[in-house]
Amino acid sequence: MIAVVGLGLIGSGALRHLAASGADVAGIGPTEPPVLAAHEGVFASHYDSGRITRHLDARREWAVLAARSIAGYAALEAASGIAFHRPVGVVMAEHDPDRIASTLAHAAELGVEVDVAPPGAAAPTGGLLALPPGCTVLAEPGPAGHIDPRRMLAANVAVAAAGGASVFDDEVVGLDQVDGGWSVRTATGPVLRADQVLVAAGPHTDELLAGFDLDAATPTLEVRGETVVLAELDPEERARLATMPSVLARLRDHPTYEDLYAVPPTVYPDGTVRLKLGATRRAYLGLPTPEAKRAWMRGDDHRTELPELRSLLEELVPGLRARSWETKPCLITETPSDLPYVQQLAPGLVVAAGGNGYAAKSANAIGALAADLLVAGRWTDADLEEVAFRG
C-alpha cells in the first residue's frame with residue numbers, strides 16, 4: 001500500500017495519479033480550518049480561490065510542468081463534475097531582456113501563442129490596466145488564466161476516491177521505518193502501515209522529515225510569509241472588469257515589493273466576488289521554525305501590509321471601486337533551485353515539496369512526477385532532468 005502524506009494541491013494530484021494507475025493508495029491530510037486564528041495544527045498553501053495559470057515562464061521546467069497540467073484541466077473537470085478553470089488569458093509585464101527571451105523561446109517550443117507589446121506600445125488590455133512603464137508586455141490567451149485551487153483539489157480527491165483511493169481527514173505527525181515499510185502516525189491516534197510513502201506536506205515537509213537517517217540528505221526548504229490583499233467588488237465593478245486577464249508584473253523601483261500578480265474578479269466560497277493581488281517582498285519574512293509558521297498563519301501581522309498592497313492594486317486597476325478590503329496570510333515554501341524537489345530519499349520514500357510560489361497551476365504534473373518516481377523507484381521522465389529536482 002502507498003500512503004500520500006499531505007493532501008494539498010501536489011498531494012491530491014499524486015493521489016489521483018496513483019489511483020488511476022490501479023495502485024492501492026491512501027491519502028492523509030487535514031481539511032482547511034474554518035478559522036485560522038483558532039487552528040493548532042498544520043497549514044497549507046491552497047486556502048484561496050484564485051491562482052494564475054499560464055505556460056509563459058523563463059524556466060523551461062516550469063513551462064513544461066504547466067503545459068502538462070493545463071492539458072489535463074478539462075478532463076479533470078469533466079470526470080469530477082467540478083469546474084475550477086477560467087481561461088481568461090494572462091498578461092506578463094517584464095523588463096529583463098534575458099527573461100523575456102527565454103520565456104518566448106519556451107513558449108515557441110511548446111507551441112504557445114504570445115502577443116508581444118514592446119515598451120511604449122499600447123498594452124493588450126484595452127486601457128483597463130495600468131501596467132508598469134518601460135516593460136515589454138507578453139500576452140497569452142486561454143487556456144491561460146486562473147484556477148480555483150480549492151476546487152481543483154476537491155476535483156482531484158473526488159476522482160481519486162472514485163478510482164479506489166482511501167482518503168483520511170487527519171494530520172500526519174510522524175513517520176517511522178519498520179520492517180521494510182513505513183508506519184504513518186496521525187494526530188488522532190490511528191497508525192497506518194504502508195509499503196511506500198510520498199510526502200507532499202508543503203511548508204511542513206521539513207518537520208516530518210527532521211531527524212531521519214536517510215540515504216539522501218533531507219532537502220533544504222525555506223518557508224516565508226507572504227500577504228495578499230482582496231478587494232470585494234459590487235456587481236457593477238465586477239461587470240466593468242469582466243474582461244480582465246490575470247496579471248504578472250515586475251516592479252523596478254518599489255521600495256517594498258519586487259513584483260506583483262493579480263487574479264481577476266473571482267467568486268469566493270462565501271458568495272462574494274473579489275479581486276486579488278499579491279506581491280513578493282524584497283526583504284523576505286523568514287519563518288524558520290514550526291512555531292513561526294503557525295504564528296504567522298494564526299496572527300494578524302499581515303494587516304500591516306494593507307496600505308501598500310491596496311495602493312499597488314489601485315495603481316494597477318485605475319478607478320477601482322471596492323466595497324471592502326482585507327488581507328490574508330499565506331506560506332511560500334522555497335528551494336535554492338527555485339524548482340520543486342521531487343526526490344527519492346530512501347527506498348519507498350519520495351518527497352515532493354517546494355512550490356516556490358509557482359506550483360498551484362502545475363501541481364497535478366508535479367504530483368504525477370513524484371508518483372511515477374515512487375512506483376518505478378527511479379527517474380523515468382524522458383523530458384525533464386532528474387538533477388533539476390534534487391536537493
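**Contacts, strands and a helix**

Author: Start with His 106, which touches Asp 57, Ala 58, Arg 59, Arg 60 and Ala 63, leaving aside residues up to four places away in sequence. Contact here means heavy atoms within 4.5 Å.

Author: Some background: this is a predicted model, where local features need pLDDT of at least 70 and side-chain atom pairs count only at pLDDT 80 or more, while totals for chains, interfaces and linings use all residues. Residues are numbered from 1 along each chain as its sequence is written, and side-chain values use heavy atoms, with hydrogens and water left out.

Reader: What about Glu 385, buried or exposed?

Author: Glu 385 has 58% relative accessibility, so it counts as exposed. You'll find Glu 385 in the segment after α10. Glu 385 and Glu 61 are 324 residues apart in sequence, yet 8.9 Å apart in space, C-alpha to C-alpha.

Reader: Switching to strands. What does β2 pair with?

Author: β2 (residues 25-28) pairs in the parallel sense with β1 (residues 2-5) over four bridges. Three bridges also join β2 to β9 (residues 166-168), again running parallel. Two strands pair if DSSP finds at least two bridges between them.

Reader: Which residues stand opposite Gly 27?

Author: In β1, Val 4 stands opposite Gly 27, and in β9 Val 167 does.

Reader: Are the faces of β2 covered or open?

Author: Both are covered: Val 25 and Gly 27 are buried on one side, and Ala 26 and Ile 28 are buried on the other.

Reader: What's between β1 and β2?

Author: Helix α1 (residues 9-20), and together they make a right-handed β-α-β unit. Right-handed means that, with the strands pointing away from the viewer, the path from the first strand over the helix to the second runs clockwise.

Reader: What comes with α5? How many residues does it have?

Author: α5 (residues 149-162) has 14 residues and reaches 20 Å from first C-alpha to last, close to the expected 20 Å. That expected span is 1.5 Å times one less than the number of residues. Its buried residues, including Met 152 and Leu 153, pack against α1, β3, α3 (73-80), β8, β9 and α10 (363-376).

Reader: And what caps the N-terminal end of α5?

Author: Asp 148 does, with a side-chain oxygen 3.0 Å from the backbone nitrogen of Arg 150. Just after α5, Gly 164 takes a positive phi of about 110°.

Reader: Last one: how many disulfides?

Author: The count comes to zero, where a disulfide is a pair of cysteine sulfur atoms within 2.5 Å. Cys 135 is buried, at 5% relative accessible area, and Cys 330 counts as buried at 16%.

Methods: Buried means under 20% relative accessible area, exposed over 50%, partly exposed in between (1.4 Å probe, protein chains only). Helices (H or I, at least four residues) and strands (E, at least two) are DSSP runs, numbered from the N terminus. A polar contact is a pair of N or O atoms within 3.5 Å; within protein, one must be able to donate a hydrogen and the other to accept it, and residues adjacent in sequence count only if both atoms are side-chain atoms.
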